[in-house]
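Trainee: I would like to learn how to read a structure that is new to me, one feature at a time. Could you show me the general idea in each case, and then what it looks like here?

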Amino acid sequence: MKMNMHDCKTLKTTKKPAAAPKTRDELLGEATRLMGDGFSVLPIKMPAAGDARSGKIPACKHGVKDATNDPKKFKKLVELLPKFNLGMATGEPSDIVVIDIDPRNGGNKTFEALERKLGPL
């Protein structure tokens, strides 16, 4: 399926996200809400101090390929995990495209140039 940017959900924000869910039940509730909104989610490993990549590593056998929008399948993925966080599959599984803007490296200017070329994103 070929997607273009106008077919995708728009999740543009400059605000800090709300406090992350902390308990297992809160995480399952948030995962269920995201799946109900049409997103495919997967469990990810908890962040570790001093490890820049941590918090982005899937905690399931097949990585992002295990992402699901089925609450029963998600519960099965996390049933043996003592702790986990939530990740969202981007692209076709959730019908979203993510643009990571890094202001420290000129990302705001690059994004503004992209919007001048393509129109509002």
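This is a predicted model: local features need pLDDT of at least 70, side-chain atom pairs count only at pLDDT 80 or more; totals for chains, interfaces and linings use all residues.

Trainee: How many bridges join S1 to S2, and do the strands run parallel or antiparallel?

Mentor: The two strands run antiparallel, and four bridges join them. S1 covers residues 41–44, while S2 covers residues 85–88.

Trainee: Which residues of S1 lie on each side of the strand, and are they buried or exposed?

Mentor: The general idea is that side chains in a regular strand alternate between the two faces of the sheet. In S1, Val 41 and Pro 43 are on one side and Leu 42 and Ile 44 on the other, and all four are buried, so that both faces of the strand are covered.

Trainee: Which residues have the most contacts inside the largest nonpolar core?

Mentor: In soluble globular proteins, nonpolar side chains tend to be buried together. Here the largest nonpolar core has 13 residues, and those with the most contacts inside it are Ala 31, Val 41, Phe 74, Val 78, Phe 84 and Leu 86. Helix H1 (24–36) and helix H2 (71–78) each supply at least two residues of this core, and the largest share, five residues, comes from H1. A second, separate core of five residues includes Leu 42, Ile 44, Cys 60 and Ala 89.

Trainee: Leaving aside neighbours within four places in sequence, with which residues is Val 78 in contact?

Mentor: With those neighbours left aside, Val 78 is in contact with Arg 24, Leu 28, Pro 43 and Phe 84.

Trainee: Which residues form the nonpolar patch on the surface?

Mentor: The patch is formed by Val 97, Ile 99, Ile 101, Leu 114 and Leu 118, which together have about 390 Å² of accessible area. Ile 99 is found in the loop between S2 and helix H3 (107–118), and at 43% relative accessibility it counts as partly exposed. Ile 101 lies in the loop between S2 and H3 and, at 31% relative accessibility, counts as partly exposed.

Trainee: How many residues apart are Ile 101 and Phe 111 in sequence, and what is their distance in space?

Mentor: They are 10 residues apart in sequence and 7.1 Å apart in space, C-alpha to C-alpha. Leaving aside neighbours within four places in sequence, Ile 101 is in contact with Gly 107, Asn 108 and Phe 111.

Trainee: What is the phi of Asp 95, positive or negative?

Mentor: Most residues other than glycine have a negative phi. The phi of Asp 95, however, is positive, near 60°. Asp 95 lies in the loop between S2 and H3, and at 21% relative accessibility it counts as partly exposed.

Terms used. Residues are numbered from 1 along each chain as its sequence is written. Side-chain values use heavy atoms; hydrogens and water are left out. A nonpolar core is a set of buried Ala, Val, Leu, Ile, Met, Phe, Trp, Tyr and Cys residues joined through side-chain atoms within 4.5 Å. Buried means under 20% relative accessible area, exposed over 50%, partly exposed in between (1.4 Å probe, protein chains only). Contact means heavy atoms within 4.5 Å. Patches are made of residues with over 30% relative accessible area and no salt bridge: like charges are joined within 9 Å, nonpolar side chains (Val, Leu, Ile, Met, Phe, Trp, Tyr) within 5 Å. Accessible areas come from the Shrake-Rupley method with a 1.4 Å probe; for residues, only the protein chains shown count as cover. A salt bridge is a side-chain nitrogen of Lys or Arg within 4 Å of a carboxyl oxygen of Asp or Glu. Two strands pair if DSSP finds at least two bridges between them.
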